Amino acid sequence: MSGPDTDGGTGTHRRFPVDGPYLVGREQVRVFAAALGERDPVCHDLTAARRRGFRDLVAPPSFAAVLTLPADLLVLAGLAPAVEPDHVVHAGQDFRHHRPIVAGDLLRVVVRLTGVRRVRGSRVATTRAVVVDSASEVVTTSTATYVLRH
């Protein structure tokens, strides 16, 4: 991960470019889809995907977490180095998909730590991750909330 920078000098939204890129593989898409019980042929069969207008297999929408979750955890480790990964509770995540993720995509993630607050002795952190493709087009935007337990 590259070092953080700040927005507008306020320090309120720290930005963390995450090293990459991440190449989405066909077998990764198939395995992920099978684990979810996703039966849509565009996730498993290249011919079916191409027949429906996609250049390759289509990842289920939640596949974006494969990229955003590790990136978020890197940001959280920078926030609280003493917090172990098993003390981080993934409290919620919302995705906004601008286009489907497909096998062959070369993706990068940039994460912003958008908020930290205390709730009952724990810290609650919110992140915003933007997944972009090799043309720098936004593919998916994720907002996630984590509870950092002590």
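Predicted model: local features only at pLDDT ≥ 70, side-chain atom pairs only at ≥ 80, totals over all residues.
Reader: What makes the contact between Asp-56 and Arg-26 a salt bridge?

Author: The N to O distance between their side chains is 2.8 Å. The cut-off is 4 Å between a side-chain nitrogen of Lys or Arg and a carboxyl oxygen of Asp or Glu, so the pair qualifies. Asp-56 sits in the loop between α2 (46–51) and α3 (65–79) and Arg-26 in helix α1 (residues 26–36), so the bridge ties together parts that are 30 residues apart in sequence. In total, the structure holds 6 salt bridges.

Reader: Why is Asp-56 called buried, while Arg-26 is called partly exposed?

Author: Buried means under 20% relative accessible area, and Asp-56 has 10%, so Asp-56 counts as buried. Arg-26 is at 35%. That value falls between the 20% and 50% limits, so Arg-26 is partly exposed.

Reader: How do you know that Arg-30 and Glu-27 are separated by about one helical turn?

Author: They are 3 residues apart in helix α1, which puts about one helical turn between them. Arg-30 is partly exposed, because its 24% relative accessibility lies between 20% and 50%.

Reader: What about Arg-99 and Asp-133: why does that pair count as a salt bridge, and what parts does it tie together?

Author: The N to O distance is 3.2 Å, which is within 4 Å, so the pair is a salt bridge. Arg-99 belongs to the loop between β4 (88–97) and β5 (106–119), and Asp-133 to the loop between β6 (122–132) and β7 (138–148), so parts 34 residues apart in sequence are tied together. Salt bridges with shared partners join Arg-55, Arg-99, Asp-105 and Asp-133 into one network. As for accessibility, Asp-133 has 14%, under the 20% limit, and so is buried. Arg-99, at 24%, is partly exposed.

Reader: Now the rings: why is the pair of Phe-32 and Phe-63 called edge-to-face?

Author: Their centres are 5.2 Å apart, which is within 6.5 Å, so the rings count as a pair. Their planes meet at 85 degrees, over the 60 needed, so the pair is edge-to-face. The count comes to 1 aromatic pair. Phe-32 is in helix α1 and Phe-63 in the loop between α2 and α3, 31 residues apart, so the pair links distant parts of the chain.

Reader: What makes the phi angles of Arg-120 and Ser-136 worth a mention?

Author: Most residues other than glycine have a negative phi. For Arg-120, phi is near 50 degrees, a positive value in a residue that is not glycine. Ser-136 has a positive phi too, of about 65 degrees. Arg-120 is in the loop between β5 and β6, and Ser-136 in the loop between β6 and β7.

Reader: Are those two residues buried or exposed?

Author: Exposed means over 50%, so Arg-120 with 85% is exposed. Ser-136, with 58%, is also exposed.

Terms used. Residues numbered from 1 in each chain as written. Heavy atoms only, no water. Helix = DSSP H or I, 4+ residues; strand = E, 2+ residues; numbered from the N terminus. Buried < 20%, exposed > 50% of the residue type's maximum accessible area, 1.4 Å probe, protein only. Phe/Tyr/Trp six-rings, centres within 6.5 Å; stacked < 30°, edge-to-face > 60°.
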